[in-house]
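This briefing concerns the salt bridges and nonpolar cores of one structure. Please consult the sequence and the 3D view below alongside the text.

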Amino acid sequence: MSVARFWRETPRRYNLGGSKCTTCGTVYFPPRSVCPECTSHRQSIEKMVPFQLSGDGEVISYTIVHDAAEGFEMQVPYVVALVQTVEGPILTGQVVNVEPDGVRIGLKVRATFRKLREEGKAGVIHYGYKFAPAEESGGRRPAGRTGTVPATEAPARDRAPA
Amino acid sequence: MREVAVLGVGQTRFGELWDRSFREIGIEAGLQALVDAKLSSAQLGGLFLGNMASGSLLDQEQIAPLILDYAGLARRHLPAVRVEGGGASGALALHAGYLAVASGLYDYVVVGGAEKLTDVPDATANQITSATADHEWEVVFGATLPALWALIARRHMHLYGTTREQLASVAVQAHAMGSKNPNAHYRNKLTLEQVVGAGPVAEPLGVFDCAPLSDGAAAVVLGPLETARRHTDTPIRLAASQVACDTMAVQHRHDLTALASTREAAVRAFAQARRAPADVQVAEVHDAYTISALLSLEDLGFVEKGRSGPAFAAGEFGGSGRLTVNPSGGLKAQGRPFGAVGVAQVVELVRQLRGEAKDRQVSGATLGLAQDVGGTGATSVVTLLERAN
């Protein structure tokens with residue numbers, strides 16, 4: 001994947017920047033420019049505002065992956081889960097800081113900022129969110145506050161740690 | 001809109017066809033279908049070709065004119081169109097061909113589906129097929145196509161009590177059916193223990209829960225029903241062809257254990273044909289993963305939501321009940337050349353409805369259903385075929 005293609009998603013992948021429909025109140029991640037839930041979806045055009053997720057959620061399904069996705073070969077077996085966030089959206093991500101056998105439906109998790117994969121020895125390193133059990137507070141919240149970000153203010157952009 | 005019939009069918013063997021090129025298999029299936037339809041190429045209006053990923057798999061785009069060319073039809077300058085919808089590419093091409101004939105713009109068209117997955121290493125093929133999921137918000141985070149279906153499976157087990165053995169029973173039946181199909185990639189039988197005990201791919205799914213990567217091609221000739229008897233004694237009417245779409249990513253579904261696109265396409269197809277699920281005797285459904293077959297049977301309306309596991313394990317879809325599922329062996333045993341699958345499903349149903357399916361004939365079948373799915377259900381195509389009297 002090209003540098004630009006990954007870089008342009010950093011507000012979402014580093015900071016969980018989503019969006020919220022000001023017409024019906026539904027929260028989306030990744031952000032959307034049109035609300036699929038509004039009965040007249042044209043009403044929502046230009047009424048979607050940035051909204052940041054807290055990163056807190058619960059595992060609602062999971063799988064232990066043995067046949068890895070590209071770039072994840074060194075991590076097998078690894079857990080990929082569907083996480084229902086407290087704000088509503090469901091996210092797909094790895095669950096770490098716990099043995100695969102310890103993951104259960106209902107496990108409370110929190111988003112944590114991690115290296116996702118690297119493109120070979122000389123390629124780009126991709127960073128983003130994974131999830132860790134919340135009780136062990138193994139996960140640091142990816143970014144500051146929760147809630148609606150004023151439309152004029154772009155979500156803060158993290159730099160990848162050196 | 002006029003009525004459309006299938007006049008001829010053709011299909012290559014599915015499997016690791018290392019000695020055969022993409023263009024060879026594409027042409028073989030297409031020419032078989034033309035001969036079967038007793039159609040001269042002068043009557044042909046065009047070609048619609050379903051294919052998922054020739055660019056990534058073969059470094060070859062513009063494959064519709066390529067196949068047309070090597071079928072000897074380039075000098076006629078016929079229109080040739082490639083159609084892509086992930087794993088549903090074949091049935092989408094059929095839909096395009098159906099629209100072309102039904103509209104009256106073309107009289108006769110060939111609809112083909114072809115894919116060559118074994119010219120690249122398995123890891124590369126898996127990466128390319130996983131591109132039918134949402135790359136940016138699923139694959140980048142470590143998900144693969146089987147991993148996403150495994151997430152659906154785990155949720156289905158959690159909500160409805162579906163068991164590992166019930167999932168495995170889908171693969172066991174597929175191989176039993178495939179053992180009777182000379183075109184099948186796999187003709188060996190499997191036991192429940194073998195499926196459950198196989199190496200894991202994405203738990204709870206193992207190697208035998210997943211359809212193979214196959215090469216293969218299939219083709220049909222479509223034409224107006226009113227002139228169909230000039231070409232065949234047993235015209236098969238395309239009673240419905242319906243496409244429905246859904247969110248790209250599993251995470252955005254309202255119901256994680258439902259294929260809403262399949263449900264919608266089926267509702268529209270049954271409405272178009274003025275028939276109901278209970279009228280169908282034979283169906284070819286999307287068993288790319290054992291869980292995808294179970295979800296499909298529920299959302300097509302053949303079994304109540306959540307009841308597919310026990311029903312399948314009890315053998316209700318194995319030939320003893322009112323509906324036989326995947327007599328071809330399905331994607332699991334007949335094979336999974338992505339873009340060819342949807343067309344091959346129709347080829348099998350036509351053979352069943354004509355009464356030409358030999359060892360695997362479903363007796364007395366008059367109405368058949370095919371369901372083709374792209375990715376984890378962003379695209380579904382449901383086709384109803386009926387023996388015309």
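**Salt bridges and nonpolar cores**

B:Asp107 and B:Arg2 form a salt bridge through their side chains, with an N to O distance of 2.8 Å. B:Asp107 belongs to the loop between helix 4 (89–102) and strand 4 (108–116) of chain B, and B:Arg2 to the segment before strand 1 (4–11), so the pair ties together parts that are 105 residues apart in sequence. The model is predicted.

**Salt bridges**

- Over all chains, the whole structure contains 24 salt bridges.
- B:Asp107 has a relative accessibility of 39% and therefore counts as partly exposed.
- A salt bridge (2.8 Å, N to O) also joins the side chains of B:Lys116 and B:Asp215. This pair links distant parts of the chain, with B:Lys116 in strand 4 and B:Asp215 in strand 7 (residues 215–224) of chain B, 99 residues apart.
- Both B:Lys116 and B:Asp215 are buried.
- In the salt bridge between B:Glu356 and B:Arg354, the closest N and O atoms are 3.3 Å apart. B:Glu356 is partly exposed at 42% relative accessibility, whereas B:Arg354 is buried at 9%.
- One network, joined by salt bridges that share partners, comprises B:Glu3, B:Arg237, B:Arg275, B:Asp279 and B:Glu386.

**Nonpolar cores**

- The largest nonpolar core has 70 residues, and those touching the most other members include B:Trp149, B:Ile291 and B:Phe302. Helix 6 (residues 145–160) of chain B gives the most to this core, with eight residues.
- Beyond its neighbours within four places in sequence, B:Ile291 contacts residues including B:Trp149, B:Ile152 and B:Leu205.
- Another core, of 37 residues, lies apart from the largest one and includes B:Leu94, B:Ala102, B:Ala344 and B:Val346.

Key:
Residues are numbered from 1 along each chain as its sequence is written. Chains are lettered from A and ligands numbered from 1 in the order in which they are written. This is a predicted model: local features need pLDDT of at least 70, side-chain atom pairs count only at pLDDT 80 or more; totals for chains, interfaces and linings use all residues. Side-chain values use heavy atoms; hydrogens and water are left out. A nonpolar core is a set of buried Ala, Val, Leu, Ile, Met, Phe, Trp, Tyr and Cys residues joined through side-chain atoms within 4.5 Å. Buried means under 20% relative accessible area, exposed over 50%, partly exposed in between (1.4 Å probe, protein chains only). Helices (H or I, at least four residues) and strands (E, at least two) are DSSP runs, numbered from the N terminus. Contact means heavy atoms within 4.5 Å. A salt bridge is a side-chain nitrogen of Lys or Arg within 4 Å of a carboxyl oxygen of Asp or Glu.
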